[in-house]
Amino acid sequence: VAADAVLVSLAVEPQSILRHRKLGYYLHVMRHYQAAAGPAVRTWLSTAFESVKRPVETIQRDYERLIDGLHRTTGGHLMVLNRMSTSGYEDISSYMGFDAPLSDTLSNIAAKEWNLMLTDIAETRDFSIIDVDAIAAQLGGAQHLPDGIHQSGIMQVALRENILQSLSELGRAKRPAIATN
């Protein structure tokens with residue numbers, strides 16, 4: 001049985017990914033797992049792979065293919081959690097000290113660009129954006145989503161409510177209209 005909806009998070013998309021030097025396939029291993037690996041695995045990762053940047057355009061194409069493939073193969077609906085774009089701790093008074101593009105250095109700028117990318121995709125594709133950024137801004141991101149990933153209980157409740165609302169709207173859209181007299 002195919003799922004009616006699939007939920008993914010933009011927050012897990014890496015800005016850089018490992019590409020096998022000879023075979024060209026991609027592998028994502030979080031840095032703390034790379035560091036915790038044994039010496040043989042660390043040597044294999046450092047010699048057989050190179051780290052490559054994933055431009056926003058590449059991530060956008062991946063999401064468009066995912067949305068199109070999901071619609072085509074199962075009729076399912078994609079729901080994407082966007083990224084929190086500020087913790088409230090940023091106090092940069094000048095960006096002059098940072099190399100362009102800023103998104104390569106500053107994760108809050110990258111998050112803004114990626115959230116805008118989702119909005120661009122929504123102009124041509126049918127999917128739902130669960131606005132983690134707005135929820136965190138309303139509740140206070142520094143307190144309820146301090147690292148941009150791990151949520152407080154209050155944030156989890158608010159996020160679940162938004163997901164359920166989106167699923168409910170999806171269910172209403174799929175139900176056939178019932179004529180009443």
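A residue counts as buried under 20% relative accessible area, exposed over 50%, and partly exposed in between (1.4 Å probe, protein chains only). The model here is predicted, so local features need pLDDT of at least 70 and side-chain atom pairs count only at pLDDT 80 or more, while totals for chains, interfaces and linings use all residues. Residues are numbered from 1 along each chain as its sequence is written, and side-chain values use heavy atoms, with hydrogens and water left out.

V41 comes out as partly exposed, at a relative accessible area of 40%. This residue sits in helix 2, residues 39-48 (helices are DSSP runs of H or I with at least four residues, strands are runs of E with at least two, both numbered from the N terminus).

Turning to charged pairs, there are five salt bridges, meaning a side-chain nitrogen of Lys or Arg within 4 Å of a carboxyl oxygen of Asp or Glu. In one of them, E13 pairs with R54, with the closest N and O atoms 2.7 Å apart. E13 is in the loop between strand 1 (5-9) and strand 2 (16-20), and R54 in the loop between strand 4 (49-53) and helix 3 (56-73), so the pair ties together parts 41 residues apart in sequence. R54 is buried, at 13% relative accessible area. E13 and R54 also belong to a salt-bridge network with D62 and R65.

E50 forms a salt bridge with R19, the closest N and O atoms being 3.0 Å apart. Here strand 4 holds E50 and strand 2 holds R19, 31 residues apart. Both are partly exposed: E50 at 28% and R19 at 27%.
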